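Let's take a walk through a protein model together.

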Amino acid sequence: MTTPLKPIESYRNERKYPFCPGCGHGIILDKLNEALKRLQFDPHKTVIVSDIGCVGLSDQYFATNAFHGLHGRSVTYATGIKLANPELNVIVLMGDGGVGIGGHHVLNAARRNIGITVLVFNNMNFGMTGGEHSVTTPNGAHTATTPQGNPEQPLDIAATVTNNGASYVWRGSAFDKTLPDHLVEAIQTDGFALLDIWELCTAYFVPNNDFNKRLLEGMLSQVKSGSGVLHRAERPEYAQALYQFAAKQAGKPVLPHKPLPQKFAAAVDRKMHVVVAGAAGGKVRSAARLIGVAGVLSGLWATQRDDYPTTVKSGHSVSEVILSPGEIRFTGIERPDVLILLAPEAVRKVAHYLPQMTADAWFFVTPEFAHLETSAKKVILDAKAAGVRWPKLSAGFMAIAAMLLHTGLLPMEAFVEAVKTTQRPAIAEKNLATLTDVEKLVALLPKDNA
Amino acid sequence: MTREYIDGATAIARGALDAGCNFYAGYPITPATPILLHMARELPKVGGIAVEAEDEIAGIGMCIGSVMGGARAMTATSGPGISLYSENIGLAIMGETPLVIIDVQRMGPATGGATTSAQGDIQFIRWGTSGGYPIIALAPSSVAECYSLTRKAFDLAERFRCPVFLVVDKEMISSLATVELMTYEEVPVRERNIAPPARGTRDPRWRPEETYLPYSFEPVDAVQPLAQFGGPHIVRFTTSSHDEHGFLTKDATKVGRLNRHLDSKISQHNDEIEMGRLDRQDGADTLFIAYGTTARAMEEALSTARAEGHRVSALVVQSLWPVPERLLNEALRGVRRVIVAEQNLGQYRREIELVALRNAVRNETPPPSIEGLNRIGGEQIMPEEFLAQWEGGVA
């Protein structure tokens with residue numbers, strides 16, 4: 001049963017503001033209280049997120065929920081809060097210092113159009129740390145760090161968010177009697193709302209620049225992008241958009257297991273190490289994966305470890321596959337039983353294996369590497385001699401298929417099944433179509449070393 | 001006996017989803033990106049939210065905010081991203097935020113080697129934020145453990161209301177392994193302990209501090225239930241030194257007690273966290289110790305050594321932080337020689353040395369000799385290297 005409650009007369013608690021005489025912060029907070037009274041929000045559903053600096057003290061004077069975090073990051077916390085519970089009213093209080101260090105977050109919150117309201121307490125300098133200049137300090141103004149006058153241009157945060165996706169933007173002074181009206185409008189906006197509120201820092205900016213209310217209002221009237229309501233737009237709010245997307249995905253299987261029950265038998269009675277060395281972008285990793293899948297389908301254990309540079313489609317790509325009748329702990333390879341070398345990029349990566357490989361090992365190569373010396377059985381895959389195509393994207397697949405066919409390491413049926421169960425139908429079809437050419441290649445190989 | 005062929009990133013994502021994770025925010029970084037991709041694809045299916053944030057700072061910031069909004073959150077990155085998380089890790093400690101952080105280690109320092117394996121973040125994650133307060137860190141050494149320890153990380157995060165790291169590396173994340181489906185351990189994950197509504201107040205909307213004190217610890221190691229925004233309590237979350245109501249204070253007694261609480265809620269309950277696999281062999285005077293990927297090579301070396309008739313014991317450390325002192329004491333009992341293998345210059349060996357020396361002083365026995373087996377060039381430590389080092393030291 002809910003009892004009707006009396007209207008809330010104030011969202012302030014009994015604590016007194018700690019601000020300097022004449023500071024604009026208390027004026028703005030009183031106007032925020034006035035706006036909240038008009039809105040009559042449930043304080044349980046309202047969160048004030050405060051940044052750092054004098055404004056970072058502000059959340060303590062309200063009887064709503066509060067989140068007081070790191071300098072410049074208030075907008076990120078507010079975004080997380082709103083995304084987790086979109087029915088909360090989330091209000092950020094930050095200074096021009098916070099806009100400087102956390103400008104990236106303000107910009108991206110506007111771009112996303114997350115449904116939070118940001119009040120920028122813009123007193124044009126750092127009040128708490130001693131009156132240093134901030135990103136909004138006017139050109140020429142005197143501060144602790146610009147004794148010769150500020151050589152930098154001030155950031156127009158209101159224009160910036162206007163041009164980058166915000167739903168509601170207002171600029172004006174803390175003294176503006178219409179500020180509570182605009183706070184109400186901003187808080188009621190579905191998407192991202194920002195108010196750039198100019199005010200006096202009586203500790204530093206006022207004495208350092210002979211600044212006052214009249215000069216502040218004069219500056220406001222001259223700002224190029226204007227003052228008052230600068231922008232109103234309607235576009236989808238971010239949290240709602242994400243939840244709508246999620247609703248469409250509901251019920252789809254979540255990361256299902258892909259069991260590979262044994263269907264075939266392999267004559268592998270010891271650990272077999274297979275290294276496939278090719279060029280990045282040549283589908284080496286996905287082709288090598290088929291060896292492991294075919295192995296598991298044949299009742300074996302398999303692992304695969306890959307080595308590749310940070311580039312995507314250039315450089316080497318080396319996959320190391322282990323097949324074993326028992327469980328495999330360590331996934332590294334000391335010395336391969338089978339080495340397939342397909343690209344010059346990979347020679348450097350696998351050349352050290354060649355002197356270690358023994359006469360019972362296999363070395364599969366394309367003709368360009370036929371000169372490399374090793375004690376292993378050398379098998380030259382000569383597409384030209386066989387009269388078959390050898391496309392770069394299929395080379396890894398075709399070489400692996402040829403190796404399996406020639407050595408009989410795993411049953412070809414298991415390999416075909418691996419292709420069908422793990423690859424998308426169009427790719428599987430394309431790969432399987434090369435098997436006729438693979439057979440032609442293998443038919444050319446001398447039988448004595450099989 | 002049905003098996004699957006799976007990498008660690010998939011197992012971690014599945015562990016998180018099964019643990020009830022419904023919020024993920026992070027920034028792409030090799031080699032952690034596969035986790036972001038899994039979560040971006042899978043979370044919407046369970047009504048969750050995944051965000052590619054504008055940077056790592058925003059990623060962890062959104063996660064912390066989401067927890068106060070009622071979510072179960074996870075983020076993943078690599079060493080350079082942990083650097084950017086640093087300040088917010090402190091915030092999560094101070095705000096007592098349950099949060100799971102996956103560190104997929106890569107070679108450092110700085111941008112280091114993005115696709116190169118390393119274990120160089122072990123001390124960094126422990127001491128990587130100002131003030132020096134504790135976190136919890138788990139290290140899986142198999143793909144199946146990537147699943148079970150991710151679940152455990154979510155459980156411990158709720159139990160202790162703190163950031164819990166899962167420390168892995170490029171090899172663990174991207175290498176494929178064969179796993180018997182029935183061997184995945186369904187580690188229980190506790191529900192969030194949410195502060196119940198107040199009773200007997202005139203108007204529960206007001207005077208919240210009379211009914212719920214979010215930062216009142218009695219005794220000092222007690223973990224308070226969490227009050228989330230939008231629930232029955234008005235709640236103040238703050239990163240600054242605060243009193244029991246969450247208001248800023250410099251009162252030394254109150255601040256001292258708060259900071260003592262942040263330490264003792266974890267350090268006094270190590271028995272609930274300690275995890276490892278000790279394989280003791282009677283008569284063995286040598287003990288191998290490793291964690292993460294390196295433990296795989298160690299276990300391979302162990303089976304070779306034993307097959308050859310040698311006696312060796314081995315310990316896989318699964319809970320790196322806090323240091324599992326009881327487990328280490330048990331493992332060190334009667335041991336004369338210890339070989340600690342890591343892909344760094346001995347970051348965890350120093351913890352083992354401390355435990356062994358304390359042991360020796362307490363028991364008035366000579367401490368064991370403690371050696372490192374270390375690689376920092378990106379290459380894996382091979383099983384043969386354990387054996388070579390061991391044999392090299394056998395008289």
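How many Å separate the centres of domain 1 of chain B and domain 2 of chain B? Taken over C-alpha atoms, the answer is 26 Å. One thing to keep in mind: this is a predicted model.

So where are those two domains? In chain B, domain 1 covers 3-183 and domain 2 covers 275-393. They touch each other, with 23 residues of domain 1 of chain B and 21 residues of domain 2 of chain B taking part in the contact. If you look at the side that domain 1 of chain B brings, you'll find α5 (122-127), β6 (136-138), β7 (163-169) and α7 (170-174), each supplying at least two residues. Sorted by class, that side of domain 1, the one touching domain 2 of chain B, has 13 nonpolar, 7 polar and 3 charged residues.

Now zoom out to the whole of chain B. You can pick out 12 helices and 15 strands in it. Its radius of gyration is 22 Å, close to the 21 Å that the globule rule gives for 395 residues, so chain B is as compact as a globular protein of that length. Along its principal axes, the C-alpha trace of chain B spans about 80 × 50 × 40 Å. Of the 395 residues in chain B, 55% count as buried. And how do the contacts run along the sequence? Take the contacts in chain B between residues at least 6 apart in sequence: 79% of these join residues at least 24 apart.

Among the buried ones are Ile12(B), Arg14(B) and Leu17(B). Just after α1(B) comes Gly20(B), which takes a positive phi of about 95°.

Finally, bring chain A into view. Here 67 residues of chain B are in contact with 60 residues of chain A. On chain B's side, helix α3 (residues 56-68) gives the most, with 9 residues. The residues on this side of chain B, the one that touches chain A, divide into 30 nonpolar, 21 polar and 16 charged. To spot it, look for Phe67(A), which stands opposite Phe237(B) in β9(B).

Note on methods: Residues numbered from 1 in each chain as written. Chains lettered and ligands numbered in written order. Predicted model: local features only at pLDDT ≥ 70, side-chain atom pairs only at ≥ 80, totals over all residues. Contact = placed C-beta atoms within 7 Å. Helix = DSSP H or I, 4+ residues; strand = E, 2+ residues; numbered from the N terminus. Nonpolar A, V, L, I, M, F, W, Y, C, P; charged D, E, K, R; others polar. Pairing = 2+ DSSP bridges. Buried ≥ 20, exposed ≤ 12 C-beta atoms within 10 Å, placed from the backbone. Rg over C-alpha atoms; globule rule 2.2 N^0.38 Å. Domains from an automatic or database assignment.
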